[in-house]
Amino acid sequence: MTIAPARRHVDQQPAPDLVAAEQAAARFLAALDIDLDSESLRDTPRRMAKAYAELLTARPFDLTTFPNDEGYDELVLARSIPIRSVCEHHLLPFVGVAHVGYLPGDRILGLSKLARVVELFAHRPQVQERLTKQVAEWLALELAPKGVGVVIEAEHLCMTLRGVRATGATTVTSTLLGALRDDARSRAEFFSLTGAH
């Protein structure tokens, strides 16, 4: 007997109001004394509104899980998932990679969904510490695995383009839950496979 995969539609964000965002962007740029009358800048408020809407709106997806019929109990890890988010303090982007792993319980996850979950929480104003924790806790809640681990490595433009201007500096955050936190060998394996030592 074949058991069908379990699916749950995930869409947590309302559609952005692009007209209001464009008007606000025009007022913002005007307040910074940027002349929007030139041909090259005339459509900047519209483009700016669309760009931020894209950065701040995660695509909906179907969370697909399958029975762990074979009883697989080793680490499942997706490395170097591209990540882009916006720092909630300056609304400047931060970009990098996420490494997301779990020790399966009764169900396994469609692998592309690990990247979708990262996107779900990255596409909103964020701090990296919270983002790392949100991804791990959401997977723990939805999948009930034996353990979850998330490491994010990112460059923050609010730190490299302004203020201290620490070009090339990256920030690394991690969250470990369950066996990946409590069992030293599982934790070491996770960090070894992610390349985060």
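Colleague: Which helices each supply at least two residues of the lining of the second largest pocket?
Modeller: Please bear in mind that this is a predicted model. The helices in question are helix 4 (128-143) and helix 5.

Colleague: Which residues line the second largest pocket?
Modeller: The lining consists of C87, H89, H90, F94, Q126, V127, Q128, E129, H156, C158, M159 and T171. Sorted by class, five of them are nonpolar, six are polar and one is charged.

Colleague: And how much space lies in the second largest pocket?
Modeller: The second largest pocket holds about 150 Å³.

Colleague: Where does UniProt place the feature "binding site"?
Modeller: The UniProt record, an unreviewed entry, puts "binding site" at C87, H90 and C158. These positions are spread over 72 residues of sequence, yet they cluster in space, with a largest C-alpha distance of 7.4 Å. C87, H90 and C158 also belong to the lining of the second largest pocket.

Colleague: Let us take C87 by itself. Is C87 buried or exposed?
Modeller: C87 counts as buried because its relative accessibility is 5%, and the cut-off for buried is under 20%. C87 is part of strand 3 (residues 76-87).

Colleague: Which residues is C87 in contact with, leaving aside neighbours within four places in sequence?
Modeller: On that basis, C87 contacts L92, F94, Q126 and C158. C158 is one of the positions annotated in the UniProt record as "binding site".

Colleague: What about H90: where is its place?
Modeller: H90 sits in the loop between strand 3 and strand 4 (93-103). With a relative accessibility of 38%, H90 counts as partly exposed. Not counting residues up to four places away in sequence, H90 touches C158 and R162.

Colleague: Turning to T160, which helix does T160 lie in?
Modeller: T160 belongs to helix 5, which covers residues 157-160. T160 has a relative accessible area of 8% and is therefore buried.

Colleague: Which residues does T160 touch, not counting those up to four places away in sequence?
Modeller: T160 touches E155, R165, A166, T167, G168 and A169.

Colleague: R165 is in that list. Is R165 buried or exposed?
Modeller: R165 is exposed, since its relative accessible area is 59% and exposed means over 50%. R165 lies in the loop between helix 5 and strand 8 (171-178). Leaving aside neighbours within four places in sequence, R165 is in contact with M159 and T160.

Colleague: Which elements give two or more residues to the lining of the largest pocket?
Modeller: Those elements are helix 1 (18-31) and helix 2 (44-56). Helix 2 provides the largest share of this lining, with five residues.

Colleague: Which residues line the largest pocket, and how many of the lining residues are nonpolar, polar and charged?
Modeller: The residues are P16, A21, A24, A25, F28, M48, A49, Y52, A53, L56, T57 and L91. Of these, 11 are nonpolar, one is polar and none is charged.

Colleague: One last topic: which domains is the protein divided into?
Modeller: There is a domain 1 (18-55) and a domain 2 (59-194). The C-alpha centres of domain 1 and domain 2 are 33 Å apart.

Note on methods: Residues are numbered from 1 along each chain as its sequence is written. This is a predicted model: local features need pLDDT of at least 70, side-chain atom pairs count only at pLDDT 80 or more; totals for chains, interfaces and linings use all residues. Side-chain values use heavy atoms; hydrogens and water are left out. Helices (H or I, at least four residues) and strands (E, at least two) are DSSP runs, numbered from the N terminus. Buried means under 20% relative accessible area, exposed over 50%, partly exposed in between (1.4 Å probe, protein chains only). Contact means heavy atoms within 4.5 Å. UniProt positions are given in the numbering used here, feature names are shortened, and annotations may be inferred rather than shown by experiment. On a 1 Å grid over the protein atoms alone, a cavity is a set of points where a 1.4 Å probe fits but cannot get out, and a pocket is an open set with protein on both sides within 12 Å along at least five of seven lines; lining residues have an atom within 4 Å of a point. Ala, Val, Leu, Ile, Met, Phe, Trp, Tyr, Cys and Pro count as nonpolar, Asp, Glu, Lys and Arg as charged, and the others, Gly among them, as polar. Grid points are joined across faces, edges and corners, and a volume is the space filled by probe spheres set on the points. Domain bounds come from an automatic or database domain assignment.
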